[in-house]
Amino acid sequence: MRKKIIAGNWKMNAVKEEAIALLNGIVEQYNTYNLSPNKSVIIAAPFPYIDYCATQFSNFQFLHAAAQNCSEYEQGAYTGEVSAKIIASLGVQYVIIGHSERRQYFNENDFVLLAKIKQAQLQNLVPIFCCGEPIEVRENEEHFSFIKQQLSHCIFHLTPQEIKNCIIAYEPIWAIGTGKTATQEQAQEMHAFIRKEIENKFDKPIADSISILYGGSVNAVNAADLFVSNDIDGALVGGASLKINDFSTIINAMPS
Ligand code: PEP
């Protein structure tokens, strides 16, 4: 059975007091969450908090810490960078790779993203690989070929064993931070397409085992509708993950 995951991406938000309050809020509400070995919560806080986050969550079986990025290099003279090795040494288990904001503002291309995934996996971090098309691509009805290319240029270079240890997040760029969510049909259609592409490249058992999250203005109101879809295994949540009650509602909107 595929793992269900609700992941919060705080991006570059929350000063220390806010970050502590949010993490404490999650821990306090933990007993109200319908989590299980098959359904967990991941929080991708800014780097300065990931150690605290991993430490806080270490007492809770189904709460996990993530980084929002890692370096494509293993270690050394790369001022300002944070390696997968450092992240893993903190007890963090996941890392987001290839978020559209990294691709757009920091020019991260498929080649760099593949190197980051390799670094992450070398340190036993699970990459959450993001893909998603801009609005012009969808309007031109080229979204399937666009996503296929993003997969082919990056995670389809992994071995079967490596891809099995990835999570995929489909995040249409036009839906991120815009309040404009993909419809349940649009999201399900793309998730099924991604799964089929994985099956074509690898095999059906692998395709059936990979969690594919939807991201793009998921909130407390629309989450339950999205989660009825067969191929939507959870969400990568930006804005709404900064509001504890909304995030808790999203967590419980996903059946365990
Ligand atoms: C994201 O940051 O990955 C995201 C989906 O943001 P939002 O939920 O705010 O659209």
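Helix α1 runs over residues 16-29, and its length checks out: 14 residues at 1.5 Å each should span 20 Å, and the end C-alpha atoms are 20 Å apart, which agrees. The expected span here is 1.5 Å times one less than the number of residues. Helices (H or I, at least four residues) and strands (E, at least two) are DSSP runs, numbered from the N terminus.

Keep in mind that this is a predicted model, where local features need pLDDT of at least 70 and side-chain atom pairs count only at pLDDT 80 or more, while totals for chains, interfaces and linings use all residues. Residues are numbered from 1 along each chain as its sequence is written, and side-chain values use heavy atoms, with hydrogens and water left out.

**Around α1**

- Within α1, the buried residues are A19, L22, L23, G25, I26 and V27; buried means under 20% relative accessible area, exposed over 50%, and partly exposed in between (1.4 Å probe, protein chains only).
- Cover for those buried α1 residues comes from elements including β2 (39-44), α2 (47-57), β3 (63-67) and α12 (244-253).

**The ligand site**

- The ligand is surrounded by 14 residues, and the closest are K11, E171, G177, S217 and G238; to be counted, a residue needs a heavy atom within 4 Å of the ligand.
- Sorted by class, that shell holds 4 nonpolar, 8 polar and 2 charged residues. Ala, Val, Leu, Ile, Met, Phe, Trp, Tyr, Cys and Pro are taken as nonpolar, Asp, Glu, Lys and Arg as charged, and the others, Gly among them, as polar.
- On its own the ligand has 300 Å² of accessible area, and the protein covers 95% of that (Shrake-Rupley method, 1.4 Å probe).

**Two non-glycine residues with positive phi**

- A14 has a positive phi of about 85 degrees without being a glycine. You'll find A14 in the loop between β1 (4-9) and α1, and it counts as buried because its relative accessibility is 19%.
- N107, also not a glycine, has a positive phi of about 50 degrees. N107 lies in the loop between α4 (100-105) and α5 (110-122), and its 64% relative accessibility is why it counts as exposed.

**A buried histidine**

- H143 belongs to helix α7 (residues 143-153), and with a relative accessible area of 8% it is buried.
- Leaving aside residues up to four places away in sequence, H143 touches E133, V137, R138 and M190, where contact means heavy atoms within 4.5 Å.
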